[in-house]
Amino acid sequence: QLEKGAQASSFTRLPASTFIQSTSRDNLSEPGTPADLKLLVTAPQPIKGTLQYTIRNFFGTVVISNMVPFETKEADVPVAFAIPACDTLPSGSYVIESKVELPDGYAHADWHRFARMKYMNGTHKNKAQFSAANIHALGGDWETVLKLFSRMGVGSSCIFETPPKAYQDLLKKYDIFYYPTLFRYSGWPGRILDKYSLGSSINSSPDAGVGAIQDEDIPLLVNHALETIAMNPDCKAFKTINEPFCQTEAEIARVAEILKAIRTAAKKINPSIKIMTPDCANIDHAMSYLETFFKHGGAEACDIVAVHLYRGHPDGLDEDLTKLEGLTDRYKPGAEIWSTEGGYFNTYIIPDIGFPVVSHGGDHYRTGNMSYDIGLGERIATAYQTRYRIQSLKHANRLKVDQDWNLCSDWRTYFGLEAIPLATVFSVNTLAQLLGNADFVSDLKLPKELRGYLFRDEQNRPVVA
């Protein structure tokens, strides 16, 4: 209840309001199956009036509209109106604007959201590219979220901490693999991580960070890493140092030495284990850091080149990945590249209304919509996520994982309350359908303002994106 002034009054019930019900709690159904969508009117007392509802698609086009009289016979006992036309709607995110008008002139509008989406079944070969964020600690209903991720086309997830066994089992059930960090945040008292205040990043000040590690303590770090591997028996790849602060050549060389010792020990236990490089916060830092890392024996300390692909704008990813592949091939030819964080941008600047976006902390990616209407921010976010992913999929032969830090259950970029899908889920689902099994063929020759690629799918059909 939003009020003007410094003093809040008691909560006041609206004379009448609306809500929707459908076949599922998340208001999601597949095209070709019934949505069974109903619009309900409720009031704190018996009342008569009219209900006007308008359903629009992502682009704002009206697809269904109607006006009906209603009468609630009892207080708080809703009256329901089925909308069978929703059963024929194609894939997409839809908004219902429902407006109640009463004889005394009272009028109130609500917005509701539902989606129609073709479900993925986890068989697309590029599924790991569609990677979710640190999700297990952020969502209350684990299975609801993982089922939705699987249906979208998500195939992997970064989880910093070792998740509970029950959650690991659910990840296997929905065929989503996860990759944790070797250096866990929750170090145990008296152990090596606490001694040096290393945390998951080996990042602290020179007197308590990587530069201070003594030779006799490296075996303790190795043992800590092996304990983490044992706690995650189904994991075959592990993050190491998250967004490293250490910058000097001596510090980076020490990191390479430590990771080489860990990798050597891990391979003796399981030769299929893969160890990642430290994952720098952006491509520019990664290019300089990895150059030094590899010059000091880093190629023998890792299996996967990891990076965070955070950026202000989705364009330019193609060129940045080409540079990173070139650097990688000079030292570790053909190695996989994993983006273990990234995915949100500075979305828009609208100076005419005094709305500059200066950082990712103030845009749609963190704050979401003010209602279930589809606003400008959601449309731009959907377009930007899609443009980014198309470039990412061009490099799917090398970029095996591309994690989207928005893609978790409690942020409002992809989901509303109760995991209601927003339009941005289609930046995953549509591309998983079209390009989930496709291979890049060539760039398209277009004017410099445009970007396009030719892919070929599993049926040998050309796909242009």
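**Terms and the values behind them**

Mentor: The largest nonpolar core has 80 residues, and those with the most contacts inside it are Phe149, Met152, Phe293 and Leu407. Its largest share, eight residues, comes from helix 5 (residues 249-269). A second, separate core of 23 residues includes Ala16, Ala35, Ala43 and Ile96. This is a predicted model: local features need pLDDT of at least 70 and side-chain atom pairs count only at pLDDT 80 or more, while totals for chains, interfaces and linings use all residues. Residues are numbered from 1 along each chain as its sequence is written, and side-chain values use heavy atoms, without hydrogens and water.

Trainee: What makes a set of residues a nonpolar core?

Mentor: The set consists of buried Ala, Val, Leu, Ile, Met, Phe, Trp, Tyr and Cys residues joined through side-chain atoms within 4.5 Å. Buried means under 20% relative accessible area, exposed over 50%, and partly exposed in between (1.4 Å probe, protein chains only).

Trainee: Why is Glu249 called exposed?

Mentor: Glu249 has a relative accessible area of 52%, so it is exposed. Glu249 lies in helix 5; helices are DSSP runs of H or I with at least four residues, strands runs of E with at least two, numbered from the N terminus.

Trainee: Which residues is Glu249 in contact with, leaving aside its neighbours within four places in sequence?

Mentor: Thr292 and His296. Contact means heavy atoms within 4.5 Å.
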